[in-house]
Amino acid sequence: MKLDNYRLKLGGKEYVPIMIGGMGVNISTSRLALEAARLGGIGHISDAEICAVADSEFGTSFVKEKRNQYSAFSNDSNKSKVQFDLAAIEAAQKLYVSKTMEAKKGSGAVFINCMEKLLMNNPAETLRTRLHAAMSAGIDGITLSAGLHMRSLELMKDHPRFHDVMIGIVVSSTRALKIFLHRAVRLNRLPDFIVVEGPLAGGHLGFDIHDLDKYSLKDIVLETISFLQKEGLSIPIIPAGGVFTGSDGAEYLEAGASAVQVATRFTIAEEAGLPEHVKQAYLATAKEDVIVNMVSPTGYPMRMLKQSPALQTSMKPNCEALGYILDGEGKCDYIKEYEEALKANPGEKPKVTTKFCLCTNMQQYNCWTCGALVYRLKETTNRLADGSYQIPTTEDIFLDYQYSDNHSIHLPNPIGQEVIRKASSA
Ligand SMILES: Cc1cc2nc3c(=O)[nH]c(=O)nc-3n(C[C@H](O)[C@H](O)[C@H](O)COP(=O)(O)O)c2cc1C
């Protein structure tokens, strides 16, 4: 059975049932998302650190302006006054989304991944601004993730596109789903799709770090399907986390899911935002390099490679320029730990091991987050004569997912350098 035997029906349209998940900060670039749409699937851009992303994509200077405005607070541990300019967030989001949507070709769709945990020192207003700007700029859909999103629908409801934009939520349990649906029913706006993310996913994880082994994506998906059936709700369910071959995906569709969300296999795509040396590091990874820790100041467990440069250095918090994790009262767990390290060894460069500066490390591609099966990426491409791996295109990976049968992986056509070993024997 192949994924291509199925179609995802959403908002009166049909898609190839492959959704490329949001990967901030600018790993799931608009180039990557646009390729998914061109091929008839769904791609995600992400609005994580949107001002920094707009600057790098379009040469704007949102980050510089914010840093200049608040430079006086750089030695102050209280960042409560370091506020985002809502007009700047709106402008950056509109620029990014509208440029992406103008370039869209093909029968697929481009959605935006919106993480609630990016509190941006003013949680409700900044989120409202992000959501409204994305809808105004023509995004096809919004995927609400990293948080329960208790207020998000309310924040969106006075936008004219509230009922026509596709809205989905990422959950890791039926418990979280029930809480969200309770609100959604009250607002008469059910989600159009539900991404069920299991413990093998990349990025932040919606599980207690000690419980990861207790859960399996398959069980949570089956539980969600039967919960929705009992409630008489027909909402497409989209499993995510560890769907490594198209056949893995097809098995979920046979079991009643409507599509799959995948990410790790696309981290190494030509169109993905990670620098080339990081893509090569992902490809060369061994199973024991993959860890889950609590160093993210969001309080969620996060999966990453233990070689991540973010784990080797401690930097001064950079909230004047970035500040996406500030909680609304000017606080972030990394600032707290950094201040304590400063006090413990005055005059020395602080070394913080319990937390890291998520904003700067994600923006600089120094936190190498990945799904649990990242070490299998070497099976998906060719090893080249110089020892490096061939970087596949988004199209190579997408079509492999779409047409794979019996868990086979179709390698990209060798280009450029001579191939010394096929990936499967590398
Ligand atoms: C590098 C990377 C970054 C990610 N960043 C985000 C993110 O910013 N927001 C989010 O909701 N999920 C994020 N995820 C999770 C993916 O969107 C997706 O649901 C999950 O990783 C799918 O599992 P897979 O990677 O095993 O295919 C990220 C995943 C990866 C691999």
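How many nonpolar, polar and charged residues does the shell around the ligand have? By class, the shell has 14 nonpolar, 15 polar and one charged residues, where Ala, Val, Leu, Ile, Met, Phe, Trp, Tyr, Cys and Pro count as nonpolar, Asp, Glu, Lys and Arg as charged, and the others, Gly among them, as polar. This is a predicted model, in which local features need pLDDT of at least 70 and side-chain atom pairs count only at pLDDT 80 or more, while totals for chains, interfaces and linings use all residues. Residues are numbered from 1 along each chain as its sequence is written.

The ligand is surrounded by 30 residues, the closest being Gly21, Ser145, Gly202, Gly203 and Gly371 (a residue is near a molecule if its C-beta atom, placed from the backbone, lies within 6 Å of it). At least two residues of this shell come from each of β5 and β11 (260–262), strands being DSSP runs of E with at least two residues and helices runs of H or I with at least four, numbered from the N terminus.

In the largest nonpolar core, which has 128 residues, Ile142, Ile238 and Val260 touch the most other members; such a core is a set of buried Ala, Val, Leu, Ile, Met, Phe, Trp, Tyr and Cys residues joined through C-beta atoms within 7 Å. Strand β5 (residues 109–115) gives the most to this core, with six residues.

Elsewhere, Thr285 lies in the loop between α10 (276–284) and β12 (290–293). Thr285 counts as buried because it has 21 C-beta neighbours inside 10 Å, the threshold being 20 or more other C-beta atoms within 10 Å of its own, with 12 or fewer for exposed and partly exposed in between. The C-alpha atoms of Thr285 and Leu377 are separated by 8.2 Å, although these residues are 92 apart along the chain.
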